[in-house]
Amino acid sequence: MDIAVLVKQVPDTYSERKLRDDGTLDRAAADAVIDEIDSRGVEIALQLTEQHGGEVTVVTMGPDRATETLRKALAMGAHQAVHVVDDGLAGSDALQTSAALAAALKTLTFDLVITGNEASDGKSGTVPAMLAERLGLPSVSSARAVSVDGSTLSAEKIVDGGYAEVTASLPAVLSVSEKIAEPRYPNFKGIMAAKKKPLTTLGIAELGLENTGGAAAPCQVVSSSPKPPREAGQKVTDDGTGGSQLAAFLAAERLI
Amino acid sequence: MSEVLVLVEHAEGAVRTITGELLTAARRLGSPAAVVVGVPGTTDSLRADLTALGAEKIYAAESDDVGKYLVTPQVAALAAAAQGASPAAILLPNTVDGKDIGGRLAVRLGSGLIADAVDLDAEGVATQSIFGGSYTVQTKVTTPAPIVLLRQNAISAEPQAGAGEVTALEFSVDPATATTVTAVHVEPAGDRPELAGAQTVVSGGRGVGSAEQFAVVEDLADALGAAVGASRAAVDSGYYPQQFQVGQTGTTVSPQLYVALGISGAIQHRAGMQTSKTIVAVNKDPDAPIFEIADFGVVGDLFDVAPKLSEEVKARKA
């Protein structure tokens, strides 16, 4: 089975993340890394193709340097990569992003599309469902376990308060939760091989996209501002009365 | 006045609290119209509550297929309602299902979508709190029928009885895009409130030390009538189940009170709780980053402090 995995380059959640004045991400402010959830998506795709045969294609949309994220996934073992890159795509919202990614996916043959359940920067978590709708496919979101038997996908997916067992027929769109798999580390051989693996770039013209970019986005940022950081309040060292002092604080705040 | 569609969250014949919050937000923009998607008879059992919460109209989208399929019945029902009503907005809860329903609906209707909104004003401008609450962003959708996913507990429900007029809604699910649900395993919630919508959350971290010792966290939670949460470190150590994880990769919470026990306050944890109204923390390490954002911090052993706090809370209640 052939699998397309969507990956995204994001600001490292361990560093300080900033917005520019126009409300778009300040990509220079923080280290750029493959989103952790997407490395788990690549891992489960590799495991599935190791079991069932087939190839893994990693797909990203982002500026030039997002190639780094594709090379990381290729070093893990993915077979080829597609980079959707065009200055005209800057500032896309979720709906526009899903249109561009769906168009890129239509240039590939696949039995399964795998994504992370939500990116750590945008956190909208709606692109997988948008893709499924655009591609006319069934979808399973936030999977914590998955298996494939013939043309049937079975998964355990997270629901409020627990999980559900679900089935869908392939091709399908699957988004994964962080419990799906531990990503492998690329070894030296993988890193060297990644440099020679095929990487295709696709732009607005090749994909036939219209109404692209921030100015045409259905969602328009009206304003954005950093919130003043929370200030540390009172801190006491427990001398046996810590519990009582805490209770007194909560009572004064009318919280108990 | 244009209708504002609200997808009703319900379980076991009862309306979930987020529905009251969505109906309150809907009233700011137009006439609240609740869309009930359930098996036949569901609307009858929810009608009185939805009317009291503010529904002027109630769409009854009922079918035996609901529950057999993931999200596509809700998408079909909302799309049918939207095509008839040309709504001013469509409001959904910012849950796993809400995101799936909203994402598909946005494509089907060509509507812009705003996820994880913490507020929505009469002009349809949504407020989002991003990067773990370090930025506030205001966004507006320029297409007709904007879809807004509201974070639980961000808006207070202000019930104000509506007309509650019931209208049946026809819809059909396309089997080609359907995902079949074969079994649902939900942990009994017990008497504790649901994590994402709780007014008070008591969370434990690596400092709790073991699954058995999480009882100290649960005891304080029960004394406070709170939900129990856990840091990623505690979940990864196997102290507490994953569905209770608070943080960047778990549930985002904004309760009135957040109690952090034995949690160091890594940036990923803070991202899921620092919009809480009041934060208090107990940690052995005086340099733990959690103290930088705590309104009240106790440097000490949580196994001394938490039980004493539980006792005081129980004594004050008695």
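Author: Start with strand 13 of chain B, residues 200-204: it is mostly covered, with 5 of its 5 residues buried. Buried means 20 or more other C-beta atoms, placed from the backbone, lie within 10 Å of the residue's own; 12 or fewer is exposed, and in between is partly exposed. Strands are DSSP E runs of at least two residues, helices are H or I runs of at least four, and both are numbered from the N terminus. This is a predicted model: local features need pLDDT of at least 70, side-chain atom pairs count only at pLDDT 80 or more, and totals for chains, interfaces and linings use all residues. Residues are numbered from 1 along each chain as its sequence is written, with chains lettered from A and ligands numbered from 1 in the order written.

Reader: Which residues are on each side of strand 13 of chain B?

Author: Thr200(B), Val202(B) and Gly204(B) are on one side, Val201(B) and Ser203(B) on the other. In a regular strand, side chains alternate between the two faces of the sheet.

Reader: Which strand pairs with strand 13 of chain B over 5 bridges?

Author: Strand 15 of chain B, residues 257-261, in the parallel sense. Pairing needs at least two DSSP bridges. Gly204(B) has Leu261(B) as its bridge partner there.

Reader: New topic. How many residues does each chain give to the contact?

Author: Chain B gives 72 and chain A gives 69. Contact means C-beta atoms, placed from the backbone, within 7 Å.

Reader: What gives the most on the chain B side?

Author: Helix 4 of chain B, with 9 residues.

Technical notes. Two residues are in contact if their C-beta atoms, placed from the backbone, lie within 7 Å.
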